[in-house]
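Here is a friendly walk through one structure, with the cut-offs spelled out along the way. Please have your viewer open as you read.

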Amino acid sequence: MSRLREILLQRRAEAAKSIPSKVFFNHFFAITYCISCNDDRFKLKKIPYYNKIKIKNPDFNIKEVQKLLWNSWSTEYAYRIGEQIDNAEYYKFSLHWNFPQAYYSAYLSMTAFHETQGIANDQHEKSIKLFGNSVKDNHYPSAIGFYSNGLKDEFQYSGLPTFKGFPKDNNSLTKIECLEDAELQVATFLKTTRKQNANDKKERFKKQNDKRFLNEKKEFRKAFSKKHWDIIYGTIPETSVLNLLYRLRIKANYRDIETFINADIDFKSFHRSLGELIDYLNFVHEAYIAKAIGIETYEDILNEFPSHLTDQTALRRFYEIIIKI
């Protein structure tokens with residue numbers, strides 16, 4: 001009996017380790033589900049901001065945009081190699097580099113657009129903040145226009161039309177069968193990510209021995225009241241889809257990635273969902289860049305890049321969608 005009990009406990013522990021991975025898979029599937037349900041996802045002319053896009057960088061350098069786009073496309077190609085191999089074990093063990101690839105491909109295309117606007121920088125937190133501000137200001141399609149903000153226990157969620165709040169029995173592993181299910185999962189993802197950002201900030205302030213959080217003994221306090229948490233949340237901008245991707249990039253460290261590799265999930269579907277998100281984010285920023293620099297100049301940048309690396313990504317997006325906007 002003791003041996004049987006040991007086996008059952010071991011299986012229960014392994015199942016518990018799989019939960020975070022299954023949750024992430026469900027969340028990213030929810031995001032791509034929301035995008036696919038949005039009939040206006042490619043109708044950029046409906047966005048007032050898009051119609052006014054032009055080069056605003058007084059020191060604009062087309063070569064810098066080219067470099068950033070080529071890096072984005074190379075990274076996206078590297079991510080999609082798995083689809084050519086189409087092997088279950090490859091999908092599983094490629095997670096080590098797939099998570100950073102997904103984030104960096106989207107980050108680089110966004111930075112290329114920021115370059116046209118004169119706001120590009122090499123600080124990820126600042127770039128993500130700029131993206132979140134743009135989402136809040138309705139600069140992006142409603143398909144990725146969701147975000148969360150607010151202080152402790154006062155989070156507000158925007159851009160999720162069917163979301164009416166969290167049910168008491170909210171479950172991050174609930175099967176997604178409709179838009180309401182998907183938006184609930186996205187809201188949950190925003191909530192947990194915002195909380196994680198606050199905990200990360202707390203640890204940073206602890207290392208700095210920030211005087212705002214010291215007790216009477218001049219020690220970093222162990223117990224945090226809402227007042228203390230609100231100081232932290234006050235430093236955290238809008239939480240958006242880019243925060244979610246950045247969170248996944250952090251998961252690529254060895255310790256966290258092991259929980260994914262050992263999880264009982266459909267790795268091919270996970271890879272596909274994440275790839276669809278990259279594809280859409282890159283489409284948006286590429287369309288914005290083309291609007292800023294001109295369709296012909298953008299096409300030149302595209303055609304100077306090896307076409308066999310982009311025929312299923314940037315080339316397809318351009319000739320099937322962007323050029324027709």
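## Helix H8 and its cover

In helix H8 (residues 226-233), the buried residues are His 228, Trp 229, Asp 230, Ile 232 and Tyr 233. Buried here means under 20% relative accessible area, exposed means over 50%, and partly exposed lies in between, using a 1.4 Å probe and protein chains only. Helices are DSSP runs of H or I with at least four residues, numbered from the N terminus. Among the elements that cover the buried residues of H8 is helix H7 (179-207).

This is a predicted model, in which local features need pLDDT of at least 70 and side-chain atom pairs count only at pLDDT 80 or more, while totals for chains, interfaces and linings use all residues. Residues are numbered from 1 along each chain as its sequence is written, and side-chain values use heavy atoms, with hydrogens and water left out.

## Nonpolar cores

A nonpolar core is a set of buried Ala, Val, Leu, Ile, Met, Phe, Trp, Tyr and Cys residues joined through side-chain atoms within 4.5 Å. The largest one has 75 residues, and the members that touch the most others are Phe 28, Ile 31, Leu 245, Tyr 288 and Tyr 298. Helix H11 (residues 267-293) is the top contributor to this core, giving 15 residues. A second, separate core has 11 residues, including Phe 213, Leu 214, Phe 220 and Tyr 233.

Which residues does Tyr 288 touch, not counting those up to four places away in sequence? They are Leu 44, Ile 47, Tyr 49, Tyr 50, Ile 53, Phe 113, His 139, Tyr 140 and Pro 141, where contact means heavy atoms within 4.5 Å.

## Around Trp 73

Trp 73 sits in helix H3 (residues 62-85) and is buried, at 0% relative accessible area. Setting aside neighbours within four places in sequence, Trp 73 has contacts that include Tyr 298, Ile 301, Leu 302, Phe 305 and Arg 317.

How many disulfides does a search of the whole structure find? The count is 0, with a disulfide taken as a pair of cysteine sulfur atoms within 2.5 Å. For Cys 34, the closest cysteine sulfur is in Cys 37, 6.8 Å away and so too far for a bond. Cys 34 counts as buried, at 9% relative accessibility.

How values were computed. Helix = DSSP H or I, 4+ residues; strand = E, 2+ residues; numbered from the N terminus.
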